[in-house]
Amino acid sequence: MNEELKTFTISIYTENNIGLLNRISAIFQRRHINIESLTTSQSEIEGVNRFVIVVNITESQAKKIIGQFEKQIEVIRAYYHTEEETIYQESGMFKIKSDLLFEEPQIQNIIKESNSRIVTVNKEFFVLEKSGRRQEIELLRRELNAFGIMQFVRSGRIAVTKEEMKITELLEAFNNQ
């Protein structure tokens with residue numbers, strides 16, 4: 001039975017220990033799975049971090065990977081969710097020559113239509129920030145490419161689930177140990 005590849009958002013709640021990122025990425029590497037996006041931050045509980053990893057895999061692969069993560073000592077809990085089960089965003093920043101902001105009226109239209117915002121302006125450059133889905137950020141990048149982008153960076157996905165996750169109670173119990 002051939003399963004279809006889907007985009008999954010994997011959330012891993014962990015202690016903050018050195019070397020954990022290497023072990024997490026090794027689990028993907030051993031299975032020849034490319035990580036599309038990886039973000040880590042503090043979770044809703046003090047002292048507990050959350051990795052948000054985006055991968056294109058089958059559901060059976062997702063289940064196996066979650067099992068592997070939970071075998072890691074520092075991992076408190078791991079979950080996987082489809083795109084339909086999450087609310088997610090990414091962020092992109094664009095550094096562009098300042099003279100274009102004033103000399104190219106089309107740039108101002110692009111900024112307005114894309115709902116991006118100007119973060120800073122100086123004599124040499126200005127910086128735009130755009131939050132949204134990856135496709136929206138990529139569209140803005142393609143539009144701005146015609147004018148020359150000095151620098152571009154896009155964050156990994158940040159996501160929350162639509163359904164309540166019972167992780168908070170688990171994390172509070174972990175935190176009170």
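Student: In which strand is the place of Glu90? Please take that residue in detail, then the whole protein.

Tutor: Glu90 sits in strand β5, which covers residues 86-97. Strands here are DSSP runs of E with at least two residues, helices are runs of H or I with at least four, and both are numbered from the N terminus. The model is predicted: local features need pLDDT of at least 70, side-chain atom pairs count only at pLDDT 80 or more, and totals for chains, interfaces and linings use all residues. Residues are numbered from 1 along each chain as its sequence is written, and side-chain values use heavy atoms, without hydrogens and water.

Glu90 counts as buried because its relative accessibility is 5%. Buried means under 20% relative accessible area, with a 1.4 Å probe and protein chains only. The Glu90 side chain has a polar contact with the side chain of Arg154, at 3.4 Å. Such a contact is a pair of N or O atoms within 3.5 Å, one able to donate a hydrogen and the other to accept it.

Arg154 is also among the residues that Glu90 touches. Leaving aside residues up to four places away in sequence, the list includes Lys130, Ser131, Gly132, Arg134 and Ile137. Ser155, Gly156 and Arg157 are on it too. Contact means heavy atoms within 4.5 Å.

Now the wider setting. The protein has 6 helices and 9 strands. Of its 177 residues, 40% are buried. Among contacts between residues at least 6 apart in sequence, 76% join residues at least 24 apart. The C-alpha atoms fill a box of roughly 60 × 45 × 30 Å along the principal axes.

Technical notes
Buried < 20%, exposed > 50% of the residue type's maximum accessible area, 1.4 Å probe, protein only.
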